[in-house]
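Here is a short tour of a protein model, going from overall form down to single residues. Keep the viewer open and follow along.

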Amino acid sequence: MDNYIALIGLEMHCEISETNTKVFSSAENSYKEDANTNVRPVDMGFPGTLPVVNKEAVRLALMASMILKCTQPEYLYFERKNYYYPDLPKGFQITQETKPAPIGSYGSLTFECHGEEKTVRINNLHLEEDAASSDHSPEGTRINYNRAGVPLLELVTEPDLHSADEAVAFLETMRSIYQYAGISEADSKKGQIRCDVNVSLMEKGKDMKDPKNWGTKIEIKNVNSFGGVRDAINYEIERQLELIEDGKYDEMEQQTRRWDEETGTTKFMRSKVDAIDYKYFVEPNIPKIKLSKAWLDEIKAQIPRLANERKEAYINDYGISEYDATILVKEKAYADFYEETISLGADPKAASNWITTNLLGSLNKLELTMDDITLTPDMLAELIDLISSGKISSKQAKDVFADVLTSGKTPKEVVKEKGMEQMSDAGEIVKIANEVLDENPDVIEQYKKGRTNVVDYLTGQIMKKTKGTANPGLARQTMAEEIEKR
Amino acid sequence: MYMDKTIEELHEKLKNGEVTSQELIKESLQKSHELQEKCNAFVTILDDAEPREVTDDMLSGIPYGIKDNYSTKGILSTGSSNTLKDYVPFFTATAIENLEKHGAVATNKTVLDEFGMGGTGTTGHTGTVKNPWDTSRMCAGSSAGSAAAVAYGVYPYATGSDTGDSIRKPAAYCGIVGYKPTYGMISRYGLFPFASSLDHCGALTRSVKDAAIVVDAMKGKDKYDMTSFDSKDIHLYDSIDGKVKGKKLCYIKELCDINMYPHADSELKEHLKNFMNKIELCKKLGMDVEEVSVDQTLLNALPSVYVVISCAEATSNMSNLTGFIFGPRAEGDKYDEEMKNYRTQGFSPLIKRRFVIGSYVLQSQNKDRYFHNAQRVRRLLVDTWKDLFKKYDAVILPVGSGPAKKLEGSKDILDPNTAVLEDHLQIGNFGGFPSITIPDGFINNLPVGLNLTGNCYDDINVLNIAYALESEMGYKGQTVKEGK
């Protein structure tokens, strides 16, 4: 590898999950367990049905285009990509090509990988419809049309990535952008993200921007997780290096391979000469759509704050460490939870500590996600308030937190239930202190002989009598005062 | 006998109680069976059609026919193709739904050339449709069944669809009115597509005013068709006043001058002579009519431009026909074999030929030479006509090269000498122009027609001129009296 550098490009497909309906159909756009429940006639290609463009999907796609610093076209066109496959009921997919220009052309994204800034050029971003999904079983294949027509954003990068780590860091950044911008949940478990990866090797030292220096491009289809992307790239780099070592690299033809998750290898699908001719032409049922400057400006103004921007604010405005801020923005759900907790008056640092340590620690340990918990920002703010007002101790708070996390109860309810509320009533503590002293005349004697550390023992007796609810500071102070009076 | 009357007359009679909707339906069904026997015009006769309440709506309670490429809920809708021979849709085309809202009663579904892809009426899966004026002749297509039924007096109107001339040519061959309005005036939702950028819905009737009434009811913006436009302020029927004095028309020398056809037969000669007489009539009505010249090379490109664009779109549009979700599923070891068998067995050879052409012109190595060039020439033709519309209210031209052709020995291949004359109505589809055919006479006891085409959204002007001419010619409301 010392003499070669990998050139890696990605095609990242991400479903837009945040529209009410599908991209060219009025069927609901939501992830459903039950097959074939989100279907309109157009999704199954019934004769005479026509596509109708979902404006919200276009708006979100344009937003992604702007975030990626792409150029937006003056007029929006859609094209038909014609091919036969059982999951494609119309026999064509409505998508966009590069001519006429798609929703985004020639942008770039800067992201971080192992603390280093990298920039990848975006060739284009286009809006299209997803195909149905196939469920293979020994008895046969079932087609589920829930996914048919779900809006899909396909992003195509230039081969500016050079390692599996960079590719994954790029994908994670994109996932974060889609989530923060409210475009998609970008959940690969729901099949919302799918990637095609292309890998070639080039001799080190040559000009990377000149395609003439690039090696033979190998495209790997159907990589459906970030881990898969990492493994597929590493496997493919190794495979191509071996071909070089064996002197067979030049014989290798441009080809498409398939990522086989089970064996962790890539397998030959077809060579370039067998590439499918998709016979693209402009979709005649969708008139060209003028994208007005006013609308584009409006969308630009609506772009929500993304992870980086929020992270900076946490560091600069709340004094959070970079380390913690990075954790807080890792998932939009964490950052949203954090900001809401603060907006309810909680101390930013305390809230950050609770989330980064206790909340994420518990999620990790219990293998839960933010969707599984009943803890709300309201409850966390309440818990922090209970501590700062001295009603419960930090130690107690940890128990309360564990109980509040999934029980649906509020911290106050738990504190009351467990009789935890800290006793800060001075008169009551004086009374109990004297009870303790009355019960321990021998200890008072020891005190008088100069063993002042018995105060700690006696304070412990107060705590015991109050089942730990007495304010420990107050209890010690009271005991010290009361024993002097004897 | 009522079914040979116009919509206006029938509405009057229904309102004053001279006849009931039930009686009209009974007569329409009886005539349907009669014509089926004679000409094979229907895929389905709806014997259980129910009468509708007669209201102030002109169409209420009156029977009509639906071309079988309109999706009708619960009623067999075949597109006259074996690939959909058992297909019963669960939704109704918007245009039909609109007619139903107006109280219209469908009594049958009419035969077409398979999926509208033919001009003879001979390629439907139920067999050839014969012309009721002379059963040895064709109706032309693709709205063959609709044209035959309206001409025979099965009802006053039927729906049609028009991708090249599929309403306007059969209307001429059957001696009736055929009107397709501006592209987008009637929603195409639920119309089985042939070539989406050229497909129009429309109506076949026996009078211009009836055509206006029917399209008034069918039209309207539809949330399911992005190419449909809002026309609620356009009232076609109410706007026809017959005032045409000072209107300007033109006809095209290259198409209408008999000297352009050195090998003209007697039918063509008579047809053009008859047409020129109607030009004189226009002048008598106070219209200015001028002869204009259009580049012959451009005109000659017309048939190929149409073939390239329509076949390309058709290939893609009909890729949904695989037999998996609807249609009779074919046998096969694997899905691709099932698909191949279904399509091989289901489509007629004519359609398959068009699919091959469509695929060929879209292949990446051919696309620019054929498909993109065809789009460019389409634009040139449309611009040429738009230029004419700057000066003229409408272009007036003869339809075809004469009356209906003989079925025997007919092929769907055109005589190169009259190819452009046979095909010029396609310009109306290229530009989405409103276009109407009306009967303008007889040759050898067979009807012939002329066509008026105007600029987009100028439907009222076109209808008005057609109405004025119709009123002077005496073919309004004609039905087949004594067919051979």
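This is a predicted model: local features need pLDDT of at least 70, side-chain atom pairs count only at pLDDT 80 or more; totals for chains, interfaces and linings use all residues.

A compact globule of 486 residues would have a radius of gyration near 23 Å, whereas chain A comes out at 31 Å. Along the principal axes, the C-alpha atoms of chain A fill a box of roughly 100 × 55 × 55 Å.

Chain A is split into domain 1 (4–298), domain 2 (305–417) and domain 3 (426–485). The centres of domain 1 and domain 2 of chain A, taken over C-alpha atoms, are separated by 36 Å. Where these two domains of chain A meet, 7 residues of domain 1 are in contact with 10 residues of domain 2.

In terms of secondary structure, chain A holds 15 helices and 15 strands. Of its 486 residues, 50% count as buried. Taking the contacts in chain A between residues at least 6 apart in sequence, 69% join residues at least 24 apart. As for charge, chain A carries 61 positive and 83 negative side chains, and the centres of the two sets lie 2 Å apart.

| Site | Backbone feature | Value |
|---|---|---|
| A:Lys99 to A:Pro100 | cis peptide bond | omega near 0 degrees |
| B:Gly141 to B:Ser142 | cis peptide bond | omega near 5 degrees |
| A:Tyr106 | positive phi, not a glycine | phi near 50 degrees |
| A:Glu367 | positive phi, not a glycine | phi about 55 degrees |

Where do these sites fall? A:Pro100 is in the loop between β4 (92–95) and β5 (104–113) of chain A, and A:Tyr106 lies in strand β5 of that chain. A:Tyr106 is exposed, since its relative accessible area of 63% is over the 50% cut-off. A:Glu367 sits in the loop between α8 (348–366) and α9 (377–388) of chain A, and at 71% relative accessibility it also counts as exposed. In chain B, B:Ser142 belongs to the loop between β5 (134–138) and α4 (144–152).

The other partner in that chain B cis bond, B:Gly141, turns up again as a contact of B:Asp165. B:Asp165 is placed in the loop between β6 (157–162) and α5 (168–173) of chain B. Is B:Asp165 buried or exposed? With 10% relative accessibility, B:Asp165 counts as buried, because buried means under 20%. Leaving aside neighbours within four places in sequence, B:Asp165 is in contact with B:Gly141, B:Pro170, B:Glu422, B:Leu425 and B:Asn429.

Back in chain A, A:Asn198 is part of strand β10 (residues 193–203). A:Asn198 is buried too, at 12% relative accessibility. Not counting residues up to four places away in sequence, A:Asn198 touches A:Leu7, A:Ile8 and A:Gly9, along with A:Lys217, A:Ile218 and A:Glu219.

One last stop is B:Lys38, in helix α2 (residues 21–39) of chain B. B:Lys38 has a relative accessible area of 25% and is partly exposed.

Conventions
Residues are numbered from 1 along each chain as its sequence is written. Chains are lettered from A and ligands numbered from 1 in the order in which they are written. Side-chain values use heavy atoms; hydrogens and water are left out. Helices (H or I, at least four residues) and strands (E, at least two) are DSSP runs, numbered from the N terminus. The radius of gyration is taken over C-alpha atoms; the globule rule is 2.2 Å times the number of residues to the power 0.38. Buried means under 20% relative accessible area, exposed over 50%, partly exposed in between (1.4 Å probe, protein chains only). Contact means heavy atoms within 4.5 Å. Lys and Arg count as positive and Asp and Glu as negative; His and the chain ends are not counted. The place of a charge is taken as NZ of Lys, CZ of Arg, CG of Asp or CD of Glu. Domain bounds come from an automatic or database domain assignment.
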